[in-house]
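Please keep the 3D view open while you read.

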Amino acid sequence: MSRLLDYIQEHQIQKIAILCDERVWQHYPDYFQLLNGVAEVHYISLEAIEANKDIKSIVFGWNFLLEQKFDRNSLLIGWGGGTICDLGGMLAATFKRGIRLVNVPTTLLAMIDAAHGGKNGIDLQHQKNVIGTFYLPEKVIIDTNFLKTLPKKELLNGFAELIKYALIGNITLWEEMQKLIQINHKTIKNEWIDEAIQFKMKLIEKDFYDNGVRQILNFGHTVGHAIERLFAEKKRPVSHGYAVAMGICYETYLSYKQEYITLDEVEEILRFILRFYKPLSLTNSDITYLAHYCFDDKKNKNGRLNFVSLEKIGKTTFV
Ligand SMILES: NC(=O)c1ccc[n+]([C@@H]2O[C@H](COP(=O)([O-])OP(=O)(O)OC[C@H]3O[C@@H](n4cnc5c(N)ncnc54)[C@H](O)[C@@H]3O)[C@@H](O)[C@H]2O)c1
């Protein structure tokens, strides 16, 4: 919090809007108390559900900021998980062509992923993140104490991304994670979170607009998104993290079929993932749909399927 106060004083910020997840605000009502008296503070609270990641929330935010006379030196704080970070980023990027943005992520997924890198977005016609901008927050404040109240299901969502980071770029992290027996806020180490963030930030420095090397962050997501879509259409939705965990299993196997990773490594990865996530049960017709949906992936070019393949644990290649 002292870093946030320094930042506010350094930039002489007078107005702050905290776009917050209403559940997080209920859990931590006094979290931003220190800001009172330092600046004029307003709260815009929302239920963090995918249905709220739409233009209506953005229009509500634009009207609010306009009525409260926010200017380009005013600050928007996105305080919540990825849903809030995506909305807050878009609101800050578009109001008066850009006001100051700070993210304070409260889910594991947002701490290691959604709060960083400047991608924001809303959904349109049930398609995820099709409208959005690239707009970096000036600061991301990580406070892992928020994980104490995060439900286990949400912790597992973020953990799938941590597994991904280890597999695509950090064999030491992978080896350390092997010792995990159970997942809770105490067993997820702060160093792991820091390493995942540093890895993502290095890729962003090289490829901010996601045209090249940043795309390795999509490992597990080509099949993962297809799984999410398939089960949403069957009206038995699965969580994003679960779909990514299963996507990692399938894309690991595809990497083996492309003669990159060894069968021993495939077994090691699947054994670890299935320690925490239930295996997916698919019919033959499901598999046909999944293959079909993979062709709608944003990484594809000219109708050819592109996916990130594991060369070995800790190293990827594009296929
Ligand atoms: N922009 C990016 O780079 C990026 C990357 C990954 C995901 N995303 C987006 O992130 C969204 C998913 O975000 P998410 O997984 O963080 O979930 P979320 O923000 O939807 O939150 C999940 C649930 O956890 C609750 N919650 C949040 N913090 C809590 C806390 N500390 N204690 C108790 N409950 C808490 C929320 O109220 C909600 O019920 C998706 O819309 C996805 O598209 C964006």
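## Helix packing, domains and ligand shell

H6 passes H8 in a left-handed crossing; a crossing is left-handed if the near helix is turned anticlockwise from the far one by less than a right angle, and right-handed if clockwise. Before going on, note that this is a predicted model, in which local features need pLDDT of at least 70, side-chain atom pairs count only at pLDDT 80 or more, and totals for chains, interfaces and linings use all residues. Residues are numbered from 1 along each chain as its sequence is written. Helices (H or I, at least four residues) and strands (E, at least two) are DSSP runs, numbered from the N terminus.

H6 and H8 (residues 190-206) pack at about 60 degrees, with axes 10 Å apart. Axes are lines fitted to C-alpha atoms, for helices over the stretch in contact, and angles run from 0 to 180 degrees between N-to-C directions. H6 is therefore oblique to H8: angles under 35 degrees count as roughly parallel, over 145 as roughly antiparallel, 65 to 115 as roughly perpendicular and the rest as oblique. Leu162, Tyr165 and Gly169 of H6 meet Trp192, Ala196 and Phe199 of H8, where contact means C-beta atoms, placed from the backbone, within 7 Å.

H9 (residues 221-233) and H12 (residues 284-294) form another pair, at about 125 degrees and with axes 9 Å apart. These two helices are therefore oblique to each other as well, and H9 passes H12 in a right-handed crossing. The H9 side of the contact includes Thr222, Ala226 and Leu230, and the H12 side includes Asp286, Tyr289 and Cys294.

Turning to the domains, an automatic or database domain assignment divides the protein into domain 1 (2-149) and domain 2 (152-318). Their centres, taken over C-alpha atoms, are separated by 27 Å. Across the boundary, 14 residues of domain 1 are in contact with 19 residues of domain 2.

The ligand is surrounded by 29 residues, the closest being Gly81, Gly82, Thr83, Thr107 and Ala114; a residue counts here if its C-beta atom, placed from the backbone, lies within 6 Å. H2 (22-27), H4 (82-94), H5 (108-114), E6 (127-131) and H6 (152-169) each supply at least two residues of this shell.

The table gives the residue classes, with Ala, Val, Leu, Ile, Met, Phe, Trp, Tyr, Cys and Pro as nonpolar, Asp, Glu, Lys and Arg as charged, and the others, Gly among them, as polar.

| Residue set | Classes |
|---|---|
| Contact of H6 with H8 | five nonpolar, one polar, no charged residues |
| Contact of H9 with H12 | eight nonpolar, one polar, two charged residues |
| Shell around the ligand | eight nonpolar, 12 polar, nine charged residues |

Key:
Contact = placed C-beta atoms within 7 Å.
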